[in-house]
Amino acid sequence: MMFEPSLMKLLILFFVAITAGFVDSIAGGGGLITLPALLAVGIPPHLALGTNKLQSSFGSSTAAIRYAGSGLVVKDQLIRGVFFTFIGALTGTSLIQIIPADSLKKVIPFILLGVFFYTLFSPELGKTDRHARVKAGVFYTTAGLTLGFYDGFFGPGTGSFWTIALVSLMGFNLKSATANTKIMNFTSNIVSLTLFILGGNVLFLPGLIMASGQIGGAWLGSHMVINKGTKFIRIFFLSMVALTITKLIYQEFLG
C-alpha cells in the first residue's frame, strides 16, 4: 500500500508538525505526536518511520541552531559528544535492520519511569548549575555511544535520557541541558535519516511539508526556553516523559 497525498492530509500533517516542533524543542517527545499522525493518514509503517526522521531532522536542526547562538551550548565539549553520538547512532540504525527490538521495547518504559520519579521528587534538580560528577570526556564518550545507539536502534525517550544525564551527571541546569540535548538529537537524527534514505524509506512530499511546520514550531519552542525559567521547562519535561511512558506501556502491554 502506497500513500496517496491529498490537500487535507498534507494540511493535517503540517499543523501536527508545528505542534510537535514546539514540544520537541522544549522537552523532547515530538515523535509521539508526528509518528501516529503519519500512520493515521495511511502511510505504511516503514515509510512513516523514515519520513518522520526527515521532518524531525528539520525541527532538531532549527532548535540546535537557535540554541547554539544563545550561549547555552557548551561548545568546548561539543565535538566529542557529536562524534560519539554519530558512531553510536550509525551502529544502532544499522543493527535495527537485522536485530528485533522487542525486548528493548519492554524495558524502556520502566527506565523512563525511573527518570520521571527521579525528576519529580528532586524539585531543585536543574534549577542551577552544579559541579559535574564525572569528567566531560568520559561522559560524552559513554553517553554519546550509548544514547546515540539507542536513538538509532529504537528512539523514544532519547531526549529525556540526554537531558537527565546532563543535569544529574554533568551538573547542567535545565536550560543548558535542553539546549545541548538538541545538538545530540540532531546528530543521531541525521545519521538515521541518511540510512532511511539509502534504504528508500522516505516520502519527500509529506516529509518536507511537515519540515516547514517543524521549523516554525521548533523556533518558537526554543525561543521560549531561552527566555523562560527552569520551572517552565520542568513542567514540559515531566509531561512529555509521562506521555512517553503511557504510550509505550499501552503499545507493549495493553494494546
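Lining the largest cavity of this predicted model are Asp 24, Ile 26, Ala 27, Gly 28, Gly 159, Thr 163, Thr 178, Thr 181, Lys 182, Asn 185, Ile 233 and Phe 237. The elements that each give two or more residues to this lining are α1 (7-27), α7, α8 (174-198) and α10 (230-254), and the largest share, four residues, comes from α8. The space in the largest cavity comes to about 60 Å³, and the structure has two cavities of 30 Å³ or more.

Turning to the aromatic side chains, the structure holds eight aromatic pairs. Phe 116 counts as buried because its relative accessible area is 17%, under the 20% cut-off, whereas Phe 117, at 40% relative accessibility, is partly exposed.

Another edge-to-face pair is formed by Tyr 150 and Phe 161, whose ring centres lie 5.7 Å apart with 70° between the planes. This pair links distant parts of the chain, since Tyr 150 belongs to helix α6 (residues 136-153) and Phe 161 to helix α7 (residues 158-170), eleven residues apart. Both Tyr 150 and Phe 161 are buried. Helix α7, which holds Phe 161, is also among the elements that give two or more residues to the lining of the largest cavity. Elsewhere among the aromatic residues, Phe 139, Tyr 140 and Trp 162 come together in one aromatic cluster.

Note on methods
Residues are numbered from 1 along each chain as its sequence is written. This is a predicted model: local features need pLDDT of at least 70, side-chain atom pairs count only at pLDDT 80 or more; totals for chains, interfaces and linings use all residues. Side-chain values use heavy atoms; hydrogens and water are left out. Rings of Phe, Tyr and Trp (its six-membered ring) pair if their centres lie within 6.5 Å; planes under 30 degrees apart count as stacked, over 60 as edge-to-face and the rest as tilted. Buried means under 20% relative accessible area, exposed over 50%, partly exposed in between (1.4 Å probe, protein chains only). On a 1 Å grid over the protein atoms alone, a cavity is a set of points where a 1.4 Å probe fits but cannot get out, and a pocket is an open set with protein on both sides within 12 Å along at least five of seven lines; lining residues have an atom within 4 Å of a point. Grid points are joined across faces, edges and corners, and a volume is the space filled by probe spheres set on the points.
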